[in-house]
Amino acid sequence: SQATTEAGGGDAKVQVHPDSIDSLTQAAFLLGILQGGLEQALIYKEMNVKGRSTIFCPRTHQQAVQTQQSIIKILYKRLFDKIVERINETSAGKADMCAGQESRYSSIGTLDIYGFERLGTNSFEQLCINLANERLQQFFIEEVLEAEQRVYEEEGLRIQRFPLPSNQPVVVGIQSVMGILDEHSLRSSRGLVREGAEADMKFCEHVHRNLIEGRRESPIMSLRMNAKAAREGTAMKANEGFQVRHYAGDVTYQTKGWIDKNNDALVPEVESLLDDSNRALVRGMADRNRMQAASTKDSVSHKYLGNLNELLATLKQCSVHYIRCFNPNDNKEAGTFFNQYVLEQVIQCGTVELVKIMHHGFPNRCFLKDLRERFASLLPPDFERYKDGEFMEAVMLAFEIDQCEWTLGNRRLFLKAGQLLVLESLLEQGGGVPQDLLRRIRLHFAKRKLRSIVAKAKVLRMWLRSNRKNRVRTLVTHLSKAIFIYVRSMRWLAKTRARIS
């Protein structure tokens, strides 16, 4: 529908355009609400004053259009959420659970990530997408790269550690921007600031004051001057945007329209209309909690951050496998491969660090207990008395596997790439081990045990010597204290006798 403005006597009156009456009627019918109520919500703003009756304030033409667009946008979003919710319930077997039956299911999910966006004009949508990429990249670093190095430390292995990039400063910076945006959105929804471009500029100025000015290493930066755009008069002003230093490069964001885009609440009178609808689906889309004053929880950014945290919590409970994809060129052309462009992607997404860790480390690892159960038949029965680690070491020595290709941890056997296949082939072949090699292995463990006994004996002897010295030192200390107390007591006794006599 369209709104028209009629001027008369110096006042502007907003009303529905005659050509849009049929559209308004059809919309009210589909929503199952009164046409007059919908028209009144578009034209008038309802204000409840304590101790007084309800006041209806006429909306301006711009406010009427914004209200109409808000209804369209939020109804579409809530309908989409309903569809997704129904799909999830069906996939999870919730109907069976509601019927009292225990539902056990497994699922395979595919998450398409790293869709980093850097367009000609980047707005609020691009910031949300790129924040998700930053969080997921940090998840990859923590759950794959850092976890890989932690495993080596837990297993007592000395493997070279590599410095890893951190996305945390960027994530904190963007979340701070969204916090400021929520504050300005709340003030705007309560009518405490002017609407339009001026509100967006105030928000941008607030970001500059809190996150940019006086901070040299901040990932949130002021706009860079573009000489060509300045000459053509198309350059953005300082209070119209900012830059963010993402892991994939710097991105310039234009803050025009952010206050409106962040608003995820319908006006209370529209919520009431939806709640009174004669259609169950529409009533289900009404939010009764929002029929009162708006809050920051109604904002898009607040919900988005919550959904992102839930996604990461879900990923931590899953067994995640990664398929790394690279964009061959930035021209969207088939058959074109830009070497430098791809190399930058490889460096930015942590692939280089992953390759280094895997090259210097051991990408394959298996628990010693599980390996022993599988490879017990490869050695004679007398090796059963060995511990799990010693048994697997004997297997590796018996089949003369290069010691540079494997190492033993506290609970796991670590293997270089390709060595796990070698072990599997040994199990399939089931070849015997020469007796002289078995004798050398037994002798190797016997010598190790003897060295361990000798080392323990040396430690015990040193402890006894040290303990003997400590006992003598303690005895001398106690004797010195006793002599000191005796001498002092005798002096006191002599003085006391002298006074009495």
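K261 is partly exposed, with a relative accessible area of 29% (buried means under 20%, exposed over 50%, partly exposed in between, using a 1.4 Å probe and protein chains only). K261 forms a salt bridge with E125, the closest N and O atoms sitting 3.3 Å apart; the term means a side-chain nitrogen of Lys or Arg within 4 Å of a carboxyl oxygen of Asp or Glu. E125 belongs to helix 5 (residues 124-154) and K261 to helix 9 (residues 258-261), so the pair ties together parts that are 136 residues apart in sequence. Helices here are DSSP runs of H or I, at least four residues, numbered from the N terminus.

This is a predicted model, so to speak of local features takes pLDDT of at least 70, side-chain atom pairs count only at pLDDT 80 or more, and totals for chains, interfaces and linings use all residues. Numbering starts from 1 along each chain as its sequence is written, and side-chain values use heavy atoms, with hydrogens and water left out.

The structure holds eleven salt bridges. Another one pairs R150 with E146, at 3.9 Å between the closest N and O atoms; both lie in helix 5, four residues apart, about one turn of the helix. E153 bridges to R161 at 2.6 Å, and shared partners join E155, R411 and R412 into one network.

Now for a buried spot: G173, in helix 6 (residues 168-189), has a relative accessible area of 9%. G173 touches L211 and I220, leaving aside residues up to four places away in sequence (contact means heavy atoms within 4.5 Å).

Methods
Helices (H or I, at least four residues) and strands (E, at least two) are DSSP runs, numbered from the N terminus.
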